[in-house]
Amino acid sequence: MDRDRALATTFGAVVGEYEQGRPGYPDAVVDWLLPPACTQVLDLGAGTGKLTASLVARGLAVRAVEPSDAMRERLHALFPQVDARAGTAEQTGLPDACVDAVVVGQAWHWFDEAAAAREVARVLRPGGTLGLVWNRLDRSVPWVGRLQELVEAAAGGPSDEPAPRLGAAFEDLEQVTVTWTHRQSRESLRSTVASRSYVVALPDAERETLLGRVDELVEREVPPGPQVDVPYLSGCWRARAR
Ligand SMILES: C[S@@+](CC[C@H](N)C(=O)[O-])C[C@H]1O[C@@H](n2cnc3c(N)ncnc32)[C@H](O)[C@@H]1O
C-alpha cells in the first residue's frame with residue numbers, strides 16, 4: 001500500500017472533527033454536477049454525507065458507497081433514508097446501469113482512477129454523468145493564505161488535484177470553479193485542519209505543534225466573533241458516459 005492509499009483510510013479516526021470542520025457544497029456546485037432530469041444518484045466515497053445532504057435536500061433517490069465503517073455509520077445516522085453500503089469506488093457492489101449520476105466529493109484522488117472510471121461507467125445508465133468536486137481554501141484572502149501555508153508545510157507541499165483521466169468510457173469533460181463562503185464556528189477552524197488525512201497521520205507531537213500554530217493564527221489573524229466566513233473555491237469536473 002503506497003502512502004496515499006494508506007492515508008485514504010485515516011478518516012474513520014476523525015469522524016467528529018470531519019463533521020465539525022469540513023464544509024458541505026453550495027447549490028451552484030450541485031446544480032452543475034447533476035444532469036437534467038436526474039432522479040437516482042450515487043454518492044461515491046460519501047464519507048459522513050457532506051455532499052449526500054445536498055442530494056437528499058433535492059428529493060433524489062440517493063445511494064451512498066463508503067468503505068469506512070465509522071464514516072458510513074455517521075452518514076446513516078444523519079440520513080437514514082439513504083441506501084448506504086460498504087464498498088469501494090473500484091467495486092461498488094451495485095447493479096449495472098442503476099443510476100443517472102455519480103458524484104464524488106473530495107475523494108476521487110483516493111481511488112484507483114482507471115478501475116473507478118470503469119466501475120462508474122458500469123453503474124451509470126447510458127448518457128449518465130460523473131461529477132467530481134474538490135473544495136479548496138481560497139488563499140487569496142491573507143489569513144486563509146497563511147493558514148494554508150501551515151497546512152501545506154505539514155503535507156510536504158501543495159496538493160492541487162490534476163485533471164481527472166477518465167478514459168474512453170467518458171466524453172465531454174468540462175471544468176468550472178465556484179467561489180463561495182462557508183460560515184463556521186471559530187473553534188471549528190482547528191477541526192478543519194485536524195481532519196486532513198496527512199494531519200491525522202502525523203506523529204502526535206507534530207500534530208499538536210501544528211494545531212497549536214493554527215490556534216495562534218486564529219487568535220491573531222481571524223476577524224473577531226464566534227462565527228467566521230471562510231472563503232472556498234470548489235473545483236468541479238463533469239463528464240458523460242458514452
Ligand atoms: C475527504 S473524504 C470525503 C467524504 C465526502 N465525500 C465529503 O465530501 O465530505 C474521502 C472519503 O473517501 C473514502 N475513500 C477512500 N478510499 C476510497 C475508495 N477506494 N473507494 C471509495 N471511497 C474511498 C474515505 O473513506 C473518505 O470517507
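1. Let's start with V144: with a relative accessible area of 0%, V144 is buried (buried means under 20% relative accessible area, exposed over 50%, and partly exposed in between, with a 1.4 Å probe and protein chains only). V144 is in helix α7; helices (H or I, at least four residues) and strands (E, at least two) are DSSP runs, numbered from the N terminus. Setting aside residues up to four places away in sequence, V144 touches L137, D138, R139 and P231, where contact means heavy atoms within 4.5 Å. V144 and E221 are 77 residues apart in sequence, and their C-alpha atoms are 9.2 Å apart in space.

2. A quick word on what you're looking at. This is a predicted model, in which local features need pLDDT of at least 70 and side-chain atom pairs count only at pLDDT 80 or more, while totals for chains, interfaces and linings use all residues. Residues are numbered from 1 along each chain as its sequence is written, and side-chain values use heavy atoms, with hydrogens and water left out.

3. Staying with α7, have a look at E152. Helix α7 covers residues 142–155, and E152 is found in that helix. Is E152 buried or exposed? E152 counts as buried, at 14% relative accessibility. Neighbours within four places in sequence aside, E152 is in contact with R139, G157 and P158. R139 is also one of the residues that V144 touches.

4. Now the ligand. It has 20 residues around it, and the closest are Y18, Y25, G45, E66 and G105 (a residue is near a molecule if one of its heavy atoms lies within 4 Å of it). The shell divides into eleven nonpolar, six polar and three charged residues. Here Ala, Val, Leu, Ile, Met, Phe, Trp, Tyr, Cys and Pro count as nonpolar, Asp, Glu, Lys and Arg as charged, and the others, Gly among them, as polar.

5. Which atoms of Y18, Y25 and G105 come up against the ligand? For Y18, a polar side-chain atom lies 2.6 Å from an oxygen atom of the ligand. Y25 also has a polar side-chain atom by a ligand oxygen, at 2.5 Å. With G105 it is a backbone N or O atom, 2.8 Å from a nitrogen atom of the ligand. On its own the ligand has 600 Å² of accessible area, and the protein covers 95% of that (areas come from the Shrake-Rupley method with a 1.4 Å probe).

6. Y25 turns up again beside S54. S54 lies in helix α4 and is buried, with a relative accessible area of 11%. Not counting residues up to four places away in sequence, S54 touches Y25 and V30.

7. Next along is L60, in the loop between α4 and β2. L60 is buried, with a relative accessible area of 16%. Leaving out residues up to four places away in sequence, L60 touches L34, C38, T39, V41 and L55. V214 is another matter: L60 and V214 are 154 residues apart in sequence and 38 Å apart in space, C-alpha to C-alpha.

8. Helix α5 has two sides to look at. In α5 (residues 69–78), M71, R72 and L75 are buried. Why are they on the same side of α5? They cover an arc of only 95° around the axis, so they end up on the same side of the helix (the arc is that of the directions from the helix axis to the C-beta atoms). On the other side of α5, E73 and A77 are exposed. The cover over the buried residues of α5 includes α2 (15–21), α4 (52–57), β2 (61–65) and β3 (83–85).

9. Helix α6 (residues 113–123) has buried residues E113, A115, A116, A117, E119, V120 and V123. What covers them? The cover includes β1 (40–44), β4 (99–105), β5 (124–137) and β6 (170–185).

10. Most residues other than glycine have a negative phi. A97 is not a glycine, yet has a positive phi of about 45°. A97 lies in the loop between β3 and β4 and, at 35% relative accessibility, counts as partly exposed. D172, not a glycine either, has a positive phi of about 60°. D172 sits in strand β6 and is partly exposed, with a relative accessible area of 48%.

Key. A polar contact is a pair of N or O atoms within 3.5 Å; within protein, one must be able to donate a hydrogen and the other to accept it, and residues adjacent in sequence count only if both atoms are side-chain atoms.
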